[in-house]
Amino acid sequence: MTNTLDNGNSMRDWQDDLRVAVGLLTRIPMAHPDGPAPSYLARAMRVFPLVGAGIGAAVGVAYLGLLLVGVPTLPAAALALGVSALLTGALHEDGLADTGDGFGGGRDKARKLEIMRDSRIGTYGAVVLMVSFAAKLFALAALPRVAVLPVLVAAHALGRAAIPALSFKLPAARTDGLGAKAGTPAQPIVVTAAIIAAVLVLIMLPLREALLAVAVAVVAAAAVGALAMRQIGGQTGDVLGAAEQAVEVAVLVACAARFG
């Protein structure tokens, strides 16, 4: 017997996708024979929610561990968010800041894209990053301890599920960069990522809270997508990072309000 299929559903294909996703979304060294950006990078987006769930779990363990040794709630939440940034290389936070600078500081599409490519952070980027961090900080601190791990896993899984969804729905705003290099995922890839994220959320949260998390995630991702279409006519890697952060913030805040 063999578990190999021709449509990318063999066990090896899933393992390859997971290695690529971990190598792309985190700073965890992940050797891969086909390099960090293989031809099937778009296919690997189907496992983005799984990687996101792992990141959320790591942040939750760090936060609860800090609380356990007596660190006050707000400093513990801030340090746990720092762990998230270290684990991911602040990949999505960088995208959020660049998107804020480009959308806020550019007068036309070309100038917006030029600003977004600049590695320096400006006023708009700093403000949107500060607002995002503060919202996550206080939402995390407001969660009861029993809800911390489930909510963080759900928020990070849904955040990463937004990436293939917007990659599929929006055209690439430029011909180069990570968003264009990854390519457009096929619809079954997007559906698979959405199903994985939804299952994780349903496992982690009670039904009402799970439905709330999914609803606010969809609204947040759609809002970023609509704004990107209006501003630059499509998506870039920075826009995808901004969408991931918007979903994280929306889910954390909504669940903090629900559980608090």
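## A pocket and its salt bridges

The second largest pocket holds about 340 Å³ of space. Its lining has 17 residues, and Ala161, Ala162, Ala165, Ala194 and Val218 are the closest to its centre. Three helices each supply at least two lining residues: H8 (145-169), H10 (187-204) and H11 (207-232). By type, the lining divides into 15 nonpolar residues, one polar and one charged. This is a predicted model.

Now to charged pairs. Side chains of opposite charge can pair when their charged atoms come close. The structure holds eleven salt bridges, among them these:

| Salt bridge | N to O distance |
|---|---|
| Asp16 and Arg19 | 2.3 Å |
| Arg46 and Asp17 | 2.7 Å |
| Glu244 and Arg160 | 2.7 Å |

Asp16 and Arg19 both sit in helix H1 (residues 11-25). They are three residues apart, about one turn of the helix. Is each one buried or exposed? Asp16 counts as buried because its relative accessible area is 7%, under the 20% cut-off. Arg19 is partly exposed, at 28%.

Arg46 and Asp17 form a salt bridge. This pair links distant parts of the chain, 29 residues apart. Arg46 lies in the loop between helix H2 (41-44) and helix H3 (48-68), while Asp17 lies in helix H1. Both residues are buried.

Glu244 forms a salt bridge with Arg160. Here 84 residues separate the partners, with Glu244 in helix H12 (residues 237-259) and Arg160 in helix H8. Glu244 is buried, at 0% relative accessibility. Arg160 is buried too, at 1%. Both belong to a network of salt bridges that links Glu93, Lys136, Arg160, Glu244 and Glu248.

Definitions and conventions: Residues numbered from 1 in each chain as written. Predicted model: local features only at pLDDT ≥ 70, side-chain atom pairs only at ≥ 80, totals over all residues. Heavy atoms only, no water. 1 Å grid on protein atoms, 1.4 Å probe; cavity = no way out; pocket = protein on both sides within 12 Å on 5 of 7 lines; lining within 4 Å. Points joined across faces, edges and corners; volume = space filled by probe spheres on them. Helix = DSSP H or I, 4+ residues; strand = E, 2+ residues; numbered from the N terminus. Nonpolar A, V, L, I, M, F, W, Y, C, P; charged D, E, K, R; others polar. Salt bridge = Lys/Arg side-chain N within 4 Å of Asp/Glu carboxyl O. Buried < 20%, exposed > 50% of the residue type's maximum accessible area, 1.4 Å probe, protein only.
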